[in-house]
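Please keep to what can be read from the structure itself.

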Amino acid sequence: MHNSVKYHKNKVLIVGAGASGMMAAAVCALNGADVLVMEHKERPGIKLSMTGNGRCNYTNTDVSSRHYVCRDTAFVDKVLEGFGYKECTWFFKSAGIIPDIRHYSYDDFGYAYPLRMNAAGFCSSLYEFSVKAGAQYSFSVSDEAVTDTVLNTLEKRDGSAVIIAAGSNAYPSTGSDSSVYPVFKKLGIRFNTFLPALCPLYSKSEVLSGLKGKRIREWAGLVIDGERDPLLRCFGEIQFNEHSISGIPVMNLSGRAAAALREKRKVVLEAGRDSFEIHRTAGFDRAQVCSGGVDISEIDPCTMQSLRFPGLFFCGEIIDVYGECGGFNLHFAWASGYKAGRSAAGAC
C-alpha cells in the first residue's frame, strides 16, 4: 500500500547532479524544500553536457510509452502522465531554454534541441536555474559519505526525503558507475543488473571488412535463436565499421541483443540484405544508456516514491527503464525527476 505521508517544507537530499537530479533539485526548491544535492564528480551534468553529440536532443514531440523498453509499459505511462512534450518544453522555457524543433526524413517526429545553445549551455542553464530556485550542491563527495548520509537520513525518520538520481553504468567516467549500489544492498531493494543499451553491436563476420565505412538506409532486425519478432525491427541509417554495426536502428535494438546474449542465446542482426551473427555489444563506455536498475516493482510511478521505504524516491536512469534514441531518455529523466521533486517536497 502506498504511504501517503506528505513532506511539506522538508529537507530533501538528492544523490546525483545529472539530468534527473538537477530537475528534481529545481522542482524541490521551487516548491519550498530545503535541497542539498550530493555529487561525487567535481561538477554537475557531465554526461548531459555530452548528449546528442554536444547538441542536446532533450525531448521529442512523440513522447509515449511505445518508445521505451520496460517490462510493464503501464509504469512508463504513469510516469509520463502530466509531463509530456508540452509540459516539458514549457518548464524549460521558464529556465530560459527555447526549443528548436527539427524534423528528419526517417520518421514523423519532432526532435527538440535548445535554440542557440549547445548541450553544455543547456546543462549550465538548468544548473543555474536550480541554484536560483534555492538548491545547494556539494561536489567531489566520496562514495562512502554519500552512502552513510543516505542511510542516516532514512534512519532518522524525521520527515526528510532522499531522492536517488545516480544514473546507470553508461559512460562511467561521467559519474554513472553504480557507486550508490551499497545503499540498495543494505536496504534490500530489488536491483536488476545493468547491461549496455543504445550502443554498437559486434560481429566476427568477414563480410563486415568489405562494408567498412558504408552507410545504408534500411531495416534492421534481430533474429534470436532463429525466431524473428516483428517488434524487433527498426528503420533508419545503418553504419558499418570493420568489426561493428551501428546507427540509430541498430542502437535501438542493442539493449534486447545484450539481454539475449547474457542468456547465451544466438543473436543475428539482419541489416538490409546481410545478416551478422552478434557475439557482443559495445561496453558501458560506449553505451548511451543501460537496461537494468531499480526494479519497477519497488516504485510508485505516480510519485516515484519507494513502496517500502517512505521518504525514499528514485528518478532517471537508476530505474529499469530506457528509451529509444531521439530525446526519449532525457525526457524520462525530466518526467521522473519532476514527479520525484514534487512528491519529495510535498507539493502533491
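Just after helix H1, Gly 32 takes a positive phi of about 90 degrees, in a model that is predicted.

**Helix H1**
- Helix H1 covers residues 19–30, and its 12 residues reach 17 Å from the first C-alpha to the last, which is close to the 16 Å expected at 1.5 Å a residue.
- H1 is mostly covered, with 11 of its 12 residues buried; among them are Ala 19, Ser 20, Gly 21, Met 22, Met 23 and Cys 28.

**Strand S8 and its two partners**
- In strand S8, which spans residues 161–164, Ala 161 and Ile 163 point one way while Val 162 and Ile 164 point the other way, and all are buried.
- Strand S1 (residues 11–15) runs parallel to S8 and is joined to S8 by four bridges, with Val 162 as the bridge partner of Leu 13.
- S8 also pairs in the parallel sense with strand S19 (residues 312–314), over three bridges, and here Ile 163 stands opposite Phe 313.

**An open sheet of three strands**
- Three strands form an open sheet in the order S3-S6-S5, and their pairing is antiparallel; the edge strands, each pairing on one side only, are S3 (59–60) and S5 (99–103).
- Two bridges in the antiparallel sense link S3 to strand S6 (residues 110–114), and Asn 60 stands opposite Tyr 111 in S6.

**Ser 49 in a loop**
- Ser 49 lies in the loop between strand S2 (34–38) and S3, and Ser 49 counts as buried because its relative accessibility is 19%, where the cut-off for buried is under 20%.
- Leaving aside residues up to four places away in sequence, Ser 49 touches Arg 43, Gly 54, Ala 119, Ala 120 and Cys 123.

**The cavity**
- A search of the whole structure finds one cavity of 30 Å³ or more, and the largest cavity has a volume of about 70 Å³.
- The residues that line the largest cavity include Tyr 68, Val 289, Cys 290, Glu 317, Tyr 322, Asn 329 and Phe 332, and by class the lining divides into seven nonpolar, three polar and one charged.
- Strand S16 (289–294), strand S20 (322–323) and helix H9 (328–344) each supply at least two residues of this lining, and the largest share, three residues, comes from H9.

**The second largest pocket**
- The second largest pocket has a volume of about 950 Å³, and of the 38 residues that line this pocket, the closest to its centre are Val 69, Asn 252, Arg 256, Tyr 322 and Glu 324.
- The elements that give two or more residues to the lining of this pocket are strand S4 (68–69), strand S9 (191–197), strand S12 (227–240), helix H8 (248–262) and S16.
- The lining of the second largest pocket has 20 nonpolar, seven polar and 11 charged residues.

Conventions. Residues numbered from 1 in each chain as written. Predicted model: local features only at pLDDT ≥ 70, side-chain atom pairs only at ≥ 80, totals over all residues. Heavy atoms only, no water. Buried < 20%, exposed > 50% of the residue type's maximum accessible area, 1.4 Å probe, protein only. Pairing = 2+ DSSP bridges. Expected span 1.5 Å × (residues − 1). 1 Å grid on protein atoms, 1.4 Å probe; cavity = no way out; pocket = protein on both sides within 12 Å on 5 of 7 lines; lining within 4 Å. Points joined across faces, edges and corners; volume = space filled by probe spheres on them. Nonpolar A, V, L, I, M, F, W, Y, C, P; charged D, E, K, R; others polar. Contact = heavy atoms within 4.5 Å.
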